[in-house]
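Reader: Before I plan anything around this protein, I would like to go through its structure with you, a few questions at a time.

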Amino acid sequence: MNTIIHKNPKTLFDPTPFAFSHAATNSVAGKYVFISGQSGGEDLKHSLSKDFRTQVQYSLKNLETVLADDGLGVGDVLKITILIVDHDQEKLKIWTEEMHKTWKNNKFPASTLIPVPRLALDDMLIEVDAIAFKKNITD
């Protein structure tokens, strides 16, 4: 059962076409899970494609892997922060399309996108961190 409440005040624009919510909170007791930035690394060697979309897909897949390790899914994410190297409108379009594929129910987490000149490794094009919520089992 999803315990996340997505908030989009009617006095603000509808952010769902852009793959985020204005706010997200939880409705029961539990714990927060803070997830480090996930890159688009494709394997245990952290291979990075030169293709932005491929890195986006793997960063979201890697995020899902970390969530699953704690018994969570994307529906449990309250907040994400996205760092994109040399951000432009085409990269935003790709990010939004991939978010819609990952969050199929259009109940998106709160989100901040930050354009950056570079990331930790030379070939990294994107990094995504998250804050998720895990409901207490007793609830």
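This is a predicted model: local features need pLDDT of at least 70, side-chain atom pairs count only at pLDDT 80 or more; totals for chains, interfaces and linings use all residues.

**Helices, loops and charged pairs**

Reader: Which residues form a nonpolar patch on the surface, and how much accessible area do they have together?

Author: One member is Phe 13, which lies in the loop between β1 (4-7) and β2 (23-26). The patch is formed by Leu 12, Phe 13 and Phe 18, and the accessible area of these residues together is about 320 Å².

Reader: Turning to the helix α1, how far does α1 reach from its first C-alpha to its last?

Author: The helix α1 has 18 residues, and at 1.5 Å a residue a span of 26 Å is expected. The reach in the model is close to that expectation, at 26 Å.

Reader: Which residues of α1 are buried, and within what arc do they fall?

Author: The buried residues of α1 are Phe 52, Gln 55, Val 56, Ser 59, Leu 60, Asn 62, Leu 63 and Leu 67. Seen down the helix axis, these buried residues line one face of α1, because they fall within an arc of 155°.

Reader: What covers those buried residues of α1, and which residues are exposed on the other side?

Author: The cover over the buried residues of α1 includes β3, β4 (77-85), α2 and β6 (126-135). On the other side of α1, the exposed residues are Ala 68 and Asp 69.

Reader: How many salt bridges does the structure hold, and which residue forms one with Asp 123?

Author: The structure holds seven salt bridges. In one of them, the closest N and O atoms are 3.1 Å apart, and the partner of Asp 123 is Lys 50. This pair links distant parts of the chain, with Asp 123 in the loop between β5 and β6 and Lys 50 in the loop between β3 and α1, 73 residues apart. Of the two partners, Asp 123 is partly exposed, with a relative accessible area of 35%, whereas Lys 50 counts as exposed, with a relative accessibility of 66%.

Reader: Why does the pair of Arg 53 and Glu 97 tie together parts that are apart in sequence, and how many residues apart are they?

Author: The side chains of Arg 53 and Glu 97 meet in a salt bridge, at 2.7 Å from N to O. Because Arg 53 lies in helix α1 and Glu 97 in helix α2, the pair ties together parts whose separation in sequence is 44 residues.

Reader: Which residues are linked with Glu 97 in a network of salt bridges?

Author: The side chain of Glu 97 also meets that of Lys 93 in a salt bridge, at 2.7 Å from N to O. Both residues lie in helix α2, four residues apart, about one turn of the helix. In general, an α-helix has 3.6 residues a turn, so residues three or four places apart point the same way. The network links Glu 97 with Arg 53, Lys 93, Glu 98 and Lys 101.

Reader: What is the value of phi at His 46, and where does His 46 lie?

Author: His 46 lies in the loop between β3 (30-38) and α1 (52-69), and it is partly exposed, with a relative accessible area of 29%. Its phi is positive in a residue other than glycine, with a value near 60°.

Conventions:
Residues are numbered from 1 along each chain as its sequence is written. Side-chain values use heavy atoms; hydrogens and water are left out. Patches are made of residues with over 30% relative accessible area and no salt bridge: like charges are joined within 9 Å, nonpolar side chains (Val, Leu, Ile, Met, Phe, Trp, Tyr) within 5 Å. Accessible areas come from the Shrake-Rupley method with a 1.4 Å probe; for residues, only the protein chains shown count as cover. A salt bridge is a side-chain nitrogen of Lys or Arg within 4 Å of a carboxyl oxygen of Asp or Glu. Helices (H or I, at least four residues) and strands (E, at least two) are DSSP runs, numbered from the N terminus. Buried means under 20% relative accessible area, exposed over 50%, partly exposed in between (1.4 Å probe, protein chains only). The expected span of a helix is 1.5 Å times one less than its number of residues. The arc is that of the directions from the helix axis to the C-beta atoms. Contact means heavy atoms within 4.5 Å.
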